[in-house]
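Please keep the sequence and the three-dimensional view at hand while reading.

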Number of protein chains: 2
Amino acid sequence: MDSVEALAFDVFGTVVDWRSSIASEGERLASEKGIEGMDWLAFADSWRGGYEPSMARVRRGELPWMNIDALHLMILDDLLDELGIDMLTEGEKDHLNRAWHRLAPWPDAVAGLTRLRTRFVTATLSNGNVALLTNMAKNTGLPWDCILSAELSRHYKPDPEVYSTAADLLGLPAERVMMVAAHASDLEAAQAVGMRAAYVSRPLEFGAGGQPEDVTGKPFDIFADDFVDLADKLGC
Amino acid sequence: MDSVEALAFDVFGTVVDWRSSIASEGERLASEKGIEGMDWLAFADSWRGGYEPSMARVRRGELPWMNIDALHLMILDDLLDELGIDMLTEGEKDHLNRAWHRLAPWPDAVAGLTRLRTRFVTATLSNGNVALLTNMAKNTGLPWDCILSAELSRHYKPDPEVYSTAADLLGLPAERVMMVAAHASDLEAAQAVGMRAAYVSRPLEFGAGGQPEDVTGKPFDIFADDFVDLADKLGC
């Protein structure tokens with residue numbers, strides 16, 4: 001483990017709380033536009049629910065390469081249609097779509113990353129596109145050394161190209177990079193190309209009623225409660 | 001000009017002083033290894049002198065895609081042969097090659113960038129590879145929002161793909177991105193894809209005896225004396 005030089009972080013759910021952030025943006029929009037009777041947490045879940053299927057369509061070649069901003073907009077268009085929300089201008093819809101650029105970090109994220117960065121290169125490794133991740137960091141003070149994204153390989157996680165491209169760009173063999181994520185599938189894909197893996201528990205990602213993932217017995221190198229705990233466990 | 005949202009910076013010569021940094025590393029190595037009689041500023045010039053020709057070989061397809069770390073090492077090998085320096089281990093040679101990851105910023109660079117970053121997304125846009133630029137920022141405290149590199153398009157500046165890929169990754173039309181460089185050819189190539197251009201004068205890039213570039217009459221949007229002057233001129 002002493003050979004690890006860089007940490008690559010999943011972002012949605014691991015670093016930032018997409019669900020309550022998207023719901024807050026929805027509520028703000030609703031009060032501005034007089035939209036009533038919406039469950040904005042359910043809206044956030046539905047929007048996020050379109051994410052895996054739309055990436056799968058890109059993966060199967062049914063859609064050309066599109067970054068997450070474009071996929072988010074496609075999903076949003078369908079969702080607004082379905083909900084009968086038809087009064088938004090293109091500018092308002094674009095602003096709502098870019099709510100994903102403004103997601104709020106979990107309370108421990110900035111403090112934990114600030115400690116981790118003293119010893120490791122800290123990079124994003126998200127399906128989010130470079131602009132989204134850059135704007136998010138600027139909005140929230142997330143202290144990345146480097147913005148890496150699935151966009152740079154034109155593949156989506158968990159395709160192996162995403163992880164191997166990231167290690168190449170960091171100039172490191174895969175075993176000197178540790179993937180940090182709140183999702184087992186992401187870590188398993190990282191381990192398959194030779195990366196190390198740190199699981200961070202985010203029991204509130206899907207809300208208080210969400211079902212936390214069972215990672216008992218998974219062969220990850222570290223299990224941490226949050227980023228401060230991860231910094232402790234990595235000796236930062 | 002008010003529509004500019006991001007600044008993309010050339011790095012070697014514009015942000016960092018490669019010449020005296022490389023010479024210092026050479027001098028340190030010489031004293032450790034007992035190498036005598038070398039002119040390390042001339043060594044820096046020769047190493048840098050191999051840079052354009054080697055990128056041109058990649059551009060013409062004579063070499064496969066290789067990042068700058070790999071090109072620097074190829075040039076260094078030839079240079080050490082030529083100078084009869086044959087006592088370095090592979091590890092020592094690799095450490096010397098990575099001197100480009102440790103280049104020192106010009107005295108105004110960190111202060112100017114810190115101000116510019118309050119208003120603009122600040123990104124590198126260098127022929128240097130992502131790992132080199134990331135390590136350099138970490139070593140020196142250069143406050144980038146985003147590390148962009150020619151490596152991401154597998155082309156070298158001034159190929160247009162480098163600039164258009166950068167604008168795409170920033171999620172901006174080219175005219176909302178301003179290239180900042182101390183070299184007219186870099187700015188002209190950026191303008192050719194629609195970017196704005198800020199020329200920053202670095203009269204000491206090639207030493208006190210170097211010939212400053214004549215940019216009289218060039219159609220750049222801004223001419224600045226350094227990054228603090230650029231921050232003044234951009235209202236930061």
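This is a predicted model: local features need pLDDT of at least 70, side-chain atom pairs count only at pLDDT 80 or more; totals for chains, interfaces and linings use all residues.

In which hand, left or right, does helix 4 of chain A pass helix 5 of chain A? The crossing is right-handed.

**Overall form of chain A**

- Chain A contains 10 helices and six strands.
- Its radius of gyration is 18 Å, close to the 18 Å that the globule rule gives for 236 residues, so chain A is as compact as a globular protein of that length.
- Taken along the principal axes, the C-alpha atoms of chain A fill a box of roughly 55 × 35 × 35 Å.

**Relation of the two chains**

- Chain A is superposed on chain B by a rotation of 180 degrees, with 0.0 Å of shift along the axis and an RMSD of 0.0 Å.
- This is the relation of a two-fold axis.
- Of the interface residues of chain A, 100% are also interface residues in chain B, so the copies meet through the same surface.

**The side of chain A that touches chain B**

- The contact involves 15 residues of chain A and 15 residues of chain B.
- On the chain A side, the elements that give two or more residues are helix 7 (130–140), strand 3 (146–149) and helix 8 (160–170).
- Helix 7 of chain A provides the largest share of this side, namely five residues.
- By class, the side of chain A that touches chain B consists of nine nonpolar, three polar and three charged residues.

**Helix 4 and helix 5 of chain A**

- Helix 4 (residues 68–83) and helix 5 (residues 90–97) of chain A pack at an angle of about 120 degrees, and their axes are 10 Å apart.
- That angle makes helix 4 of chain A oblique to helix 5 of chain A.
- Helix 4 of chain A contributes A:Asp69, A:His72, A:Leu73 and A:Leu76 to the contact, while helix 5 of chain A contributes A:Lys93, A:Leu96 and A:Asn97.
- Three nonpolar, two polar and two charged residues make up this contact of helix 4 with helix 5 in chain A.

**Helix 4 and helix 5 of chain B**

- In chain B, helix 4 (residues 68–83) and helix 5 (residues 90–97) pack at an angle of about 120 degrees, with axes 10 Å apart.
- Helix 4 and helix 5 of chain B are therefore oblique to each other, and their crossing is right-handed.
- The residues in contact are B:Asp69, B:His72, B:Leu73 and B:Leu76 from helix 4 of chain B, and B:Lys93, B:Leu96 and B:Asn97 from helix 5 of chain B.
- The classes in this contact of chain B are three nonpolar, two polar and two charged residues.

- A:Lys157 and A:Pro158 are joined by a cis peptide bond with omega of about 5 degrees; A:Pro158 belongs to the loop between strand 3 and helix 8 of chain A.
- In chain B, the peptide bond from B:Lys157 to B:Pro158 is cis, with omega near 5 degrees, and B:Pro158 is located in the loop between strand 3 (146–149) and helix 8 (160–170) of chain B.
- Although A:Arg154 is not a glycine, its phi is positive, at about 55 degrees.
- A:Arg154 is also placed in the loop between strand 3 and helix 8 of chain A.

Technical notes
Residues are numbered from 1 along each chain as its sequence is written. Chains are lettered from A and ligands numbered from 1 in the order in which they are written. Copies are superposed by least squares on the C-alpha atoms of residues with pLDDT of at least 70 in both. Two residues are in contact if their C-beta atoms, placed from the backbone, lie within 7 Å. Helices (H or I, at least four residues) and strands (E, at least two) are DSSP runs, numbered from the N terminus. Ala, Val, Leu, Ile, Met, Phe, Trp, Tyr, Cys and Pro count as nonpolar, Asp, Glu, Lys and Arg as charged, and the others, Gly among them, as polar. Axes are lines fitted to C-alpha atoms, for helices over the stretch in contact, and angles run from 0 to 180 degrees between N-to-C directions. Angles under 35 degrees count as roughly parallel, over 145 as roughly antiparallel, 65 to 115 as roughly perpendicular and the rest as oblique. A crossing is left-handed if the near helix is turned anticlockwise from the far one by less than a right angle, and right-handed if clockwise. The radius of gyration is taken over C-alpha atoms; the globule rule is 2.2 Å times the number of residues to the power 0.38.
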